[in-house]
Amino acid sequence: MPALCLCYEVHEPYRLRRYTVFDMGQNSVYEDDDRNCDTLLFTARVCYLRMNDLLLKLIRRYGKDFKVAFSISGTALDQFEQYAPEVVDSFRALADTGCVEFVAETGPHSLAFLYSRDEFDLQVREHCARIRRLFGQKPVTFRNTEFVYNNDLAVALEKLGFKAVLAEGADHVLGWRSPNYLYRPISTPRLGLLLRNVPLSSDIGLRFSDRGWNQWPLTAEKYAAWCHSVADSAEVINIFNDYHCFGLRHSGETGIFDFMEALPAALLARKDFRFTTPAEAVKKLKPVGEIDVPEFMSWDDEGRDLTAWLGNDMQKDAVHALYALTPRVRKVNAPELTHDFERLQTSDHFRYISTKWFADFVSDRPNPFNSPYDAYITYMNVLADFEMRLTAAEETRAASAAATKQRPRAKAGAGRQRSAPSAKAGV
Amino acid sequence: MRVLMFGWEFPPHISGGLGTACYGMTQALAKKGAQIIFVLPRAGEGGQNDFLRLESASGTPISEDAAERMVRVGQDIWQENIRFLSVASPLTPYLTPQDYAASLRSLQRTPDSAETRSRPGAPFTFRLQGGYGPDLMSEVRRFSRLASAIAMRENFDVIHVHDWMTYPAGMLARALTGKPLVAHIHATEYDRSGENINTQVADIERAGLLAADLVVAVSRLTRQTVIERYGVRPEKVVVVYNAVARHEVERRYEIPPRIRHEKRVLFLGRVTFQKGPEYFMEAARLVLQKIPNARFFMAGSGDMLPQLIRRAGQLRIGRRFHFAGFLRGEQVDRMFALSDLYVMPSVSEPFGITPLEAMLYDVPVLLSRQSGVSEVLEHALKADFWDTRDMADKICAVLRYPCLAAELVKNCREEMKSIRWENAADQLMTVYHNVSGGN
């Protein structure tokens, strides 16, 4: 019984404003509030609210036969709550149907797993708690930022209590094997690994509105026929996409909403086909083999590697400078510093510094900066100011600690008094 | 392809970027098989090259018959298109104070630099000074006659002229020989003078561009200026970007130990309105508030220099802001090699070759967005010339974050591989073929 597993990435980054060297130490307003708000309101209107409505309609129409999963980042949730709370409500309405699974990730959509395991655990735990609070579900499936995955991640996730993990069905990892089965990571047999079906995902996610594509226009019937054609050699077809592809990457005029509305009927026309969520797939299916991923892979770009975020020295410099602060930030444990520190970890900041394609960003996730150099300059300026604040907080902390220690002793105070006149005498 | 080129500068008879561009361009064209006769107002010693024939217009005999024909076709060129006023106006497009003084002296030495005719009816000629003197307009007029005389005796397929000083010559030669005219525009009067243009120059520019069979602009920016300001038909204007000629041997310069811990920021260019030196100084003031041990160098001379020196004193940044004067040859190389960043804050820069030269020395560059070269350089920092805070922020970033400079330099090196005079020459050869009907 082959099943279609739909999972959507819902992510909105907080873009930084053009923070210059003259702002450093003067003010600590890092984010471009106007831009973030405008972008989110627009996205909410053309994408989130419209598509959530459609999904709700489909769930009502097909009952338990239609299912979908979301991986919502913490920064996206922050922006919904801050600028468009009705989006949270619409996701909550979807959660209440029982046909929607919420997949966990790191709250700030960060690359923390690569640099600080403690930071990663903390971010995942906090985000799980938040999803539970908002949607009443304890996540059992995990998807890392931009599908960054390797063997070690699987081990870490198992320790955190997850049952399933989503990853890219990269050719170099799969080899001759098909992504349409459940696998298990070589590093831990107790976790289910679902691999993205790249061609079928990209047909909707990337190519749908491409008039130069020889399969354009894509109809629900045609797409369903493709899925049906692999039915004999498939147990779970994983269609993982960016939620932006509905209404934003492919605008409403391209017919993407009509396509999605017609898709369940077309797919379910074959009686043995159904929809599933990742958690359900892992529960029902048996892994057919082991997958070994010693190197990090992601769902990005041709190389399916980390070069979009860590391809050049500026990106590495920025990310290393950031994570070098981790122990200090956690030690100081000041809420506003922790908050800013997490925001600065959002992977998009590093992608904006990429020199790989220069102007070649997907239309719905543009680089807010004119050039990667501007992005790097801004980020480093922000980080420099952040470090100043951190140092100041550490000094305050040390001073207050010293004060509490020294208060009972009178001698320390006397010493200070003695030294004062001698300094004056020197002048 | 035989090309008759009229130019006002050619190394070593050089004053600015025009000569450098002509040199690189002709060298590459020669490699593509073009036979070039390059006519200068006055070619002195040491200017001979193996890749082209350098001709001096000065002293070319003009026969009575030729003069008559010139008068016939020349009448309408000068009188209908150009309001020629023989006023000793201060026509100093690329003039530095020193050059001005020098040309004034030479003018006083040879007060009668006009016609030299031995007897009536015999061929006559003019003597030209070259360069940019106070009587530039009469020089331009005389050059047009002399260059045309050369055009009448030589065989060629295309006339290619560089900037307005040679446009009258190009127009006259085209009228006399019927050969197609390609007008290359390296800078317009609007670039040089902003809105306070010299109308005579602008009129010559317009006439030359309209008369030309094809106009070659050095950037999209210049192409736009030509179309908007002079009403040249857009389909007649093509863009051919300049490039930079690689030095055969690049000497490496050691940074003296005593200044190794400091960072140096360079401005190199004429100190005039067009180049935006005051914005550089303002940015320097802002940077010094943040990085007190940075050093700023302003190399070049120009009419704004005295004013800027006063300004540096007024801002009390003189101990960190240095004026290097006009640099030549090896001094330029040394200056580039010592610099950590090259800044070109031009208010209006049709192309701007110096950033490319800086890049040859692995110096990162910060360009004004109002420059043609920023169209071809992706891997450069860019700022609007008026936004001195943004400029200062970027200067600080280069001085503070070594990764940034390294990445810029690395990517620029890659980018420079495609910015070659050979590519420009290929495009120009196509242009020649198109205007000469593919022969």
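Here are a few questions and answers about the chains, their contact and one residue.

Reply: Happy to! This is a predicted model, where local features need pLDDT of at least 70, side-chain atom pairs count only at pLDDT 80 or more, and totals for chains, interfaces and linings use all residues. Residues are numbered from 1 along each chain as its sequence is written, while chains are lettered from A and ligands numbered from 1 in the order in which they are written.

Me: Is Phe91(A) buried or exposed?

Reply: A residue is buried if 20 or more other C-beta atoms, placed from the backbone, lie within 10 Å of its own, exposed if 12 or fewer, and partly exposed in between. Phe91(A) sits in helix 3 (residues 85-96) of chain A; helices are DSSP runs of H or I with at least four residues, numbered from the N terminus. Because 23 other C-beta atoms lie within 10 Å, Phe91(A) is buried.

Me: Leaving aside neighbours within four places in sequence, which residues is Phe91(A) in contact with?

Reply: Two residues are in contact if their C-beta atoms, placed from the backbone, lie within 7 Å. Setting aside its neighbours within four places in sequence, Phe91(A) has as contacts Asn52(A) and Phe135(A).

Me: Which helix gives the largest share of the side of chain A that touches chain B?

Reply: The contact takes 13 residues from chain A and 15 residues from chain B. On the chain A side, helix 13 (313-323) and helix 17 (372-406) each supply at least two residues. The largest share, 4 residues, comes from helix 17 of chain A.
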